[in-house]
Amino acid sequence: MASDLRIRGERAPNRPWHPGRRGLRPVVILGGDGQARRYASTRAGSVTVEFLLILPILLLVLLIVIEFGMYFANKQQVALACRVGAEAAARTAGLPNGGPIPSNIIQAVSSQLASSGITYAAIFLQHNSGGSPYTLTEPSSPPAGCSAPAAPLPPASLPDHGRISVRVTVCVPMTSLAPNVLKMFGFDLAGRYTSCSTTFRYSS
């Protein structure tokens, strides 16, 4: 037992230590080097287990930051594409009351989205240049998750709304805005769409 009990202290070895005396307080180490090594090994194993338990949470937080960061950044590009498309529509003479959307409007939206690597799922053009609200769609049969705003433009002939307006709505798949990295955690972007609308006064 004598070999397993060591007292460490260097100051005043021949004088008894008491709480009021300045100097090193004796430190008693029990168990020897073998027990210290076993304690260090057990502590290292506990740290490893704790890290493995928290690793999935850290990974989830990282993936959330990546996915939603890219989503909101690219959503700004969709909003800009809506504005560009609405500006092109406002300057287009003779907007049709039916049929396909004029190619210059589609080209304006597509070019803006292509600069960020985004592809549209549908484009909706609403206008009241003929006196009544009209809605044009590209493609003619858009995906189920894409639709024009529920409230159409008011007729230009009404006294309180006596101006001609155009509204462009761009619908894009969410997978074009952000990587689908949270699918493994049950948040799947596949089959989901987001849209943005911009209204301009018709000036042509």
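Two aromatic rings of Phe, Tyr or Trp count as a pair if their centres lie within 6.5 Å. The legends below describe close-up views of a predicted model.

View 1. The whole structure holds three aromatic pairs. In one of them, the ring centres of Tyr71 and Phe72 are 5.2 Å apart. Their planes stand at 80 degrees, so the pair is edge-to-face. The cut-off for that label is over 60 degrees. Tyr71 is buried, at 14% relative accessible area. Tyr71 and Phe72 also belong to an aromatic cluster, together with Phe68 and Phe187.

**View 2. The four-stranded open sheet.** Its strand order is E4-E3-E5-E6, and the pairing is antiparallel. Strand E4 (134-138) and strand E6 (193-201) are the edge strands. Each has a single partner strand, so one side of each lacks a neighbour in the sheet. From one strand to the next, the twist averages 15 degrees. In general, strands of a sheet pair through backbone hydrogen bonds.

**View 3. The pairing of E3 with E5.** Strand E3 covers residues 122-127, and strand E5 covers residues 165-173. The two run antiparallel and are joined by six bridges. Leu125 has Val168 in E5 as its bridge partner. Leu125 is also among the residues with the most contacts inside the largest nonpolar core.

**View 4. The disulfide Cys146-Cys171.** The structure has one disulfide. The bond joins Cys146 to Cys171, with an S to S distance of 1.9 Å. The torsion about the S-S bond is about -65 degrees, so the disulfide is left-handed. The pair links distant parts of the chain, 25 residues apart. Cys146 lies in the loop between E4 and E5, while Cys171 sits in strand E5. Are these two cysteines, Cys146 and Cys171, buried or exposed? Cys146 is buried, with a relative accessible area of 5%. Cys171 is buried too, at 2%.

**View 5. Cys82 and Cys196, without a bond.** Cys82 takes part in no disulfide. The nearest cysteine sulfur to Cys82 is that of Cys196, 3.7 Å away. Cys82 is buried, at 0% relative accessible area. Cys196 is buried as well, at 17%. The cut-off for buried is under 20%.

**View 6. The largest nonpolar core.** This core has 30 residues. Which residues have the most contacts inside it? They are Val78, Leu113, Leu125 and Val170. Helix H1 (32-90), helix H2 (103-114), E3, E5 and E6 each supply at least two residues. H1 gives the largest share, eight residues. In soluble globular proteins, nonpolar side chains tend to be buried together.

**View 7. The surroundings of Val170.** Neighbours within four places in sequence are left aside here. Val170 is in contact with Val78, Val109 and Leu113, among others.

**View 8. A second, separate core.** This core has five residues, including Ala121 and Ala122. Cys146 and Cys171 are also among them. These two cysteines are the ones joined by the disulfide.

Conventions
Residues numbered from 1 in each chain as written. Predicted model: local features only at pLDDT ≥ 70, side-chain atom pairs only at ≥ 80, totals over all residues. Heavy atoms only, no water. Pairing = 2+ DSSP bridges. Axes fitted to C-alpha atoms, helices over the stretch in contact; angles between N-to-C directions. Disulfide = S-S within 2.5 Å. Buried < 20%, exposed > 50% of the residue type's maximum accessible area, 1.4 Å probe, protein only. Core = buried A, V, L, I, M, F, W, Y, C linked by side-chain atoms within 4.5 Å. Contact = heavy atoms within 4.5 Å. Phe/Tyr/Trp six-rings, centres within 6.5 Å; stacked < 30°, edge-to-face > 60°.
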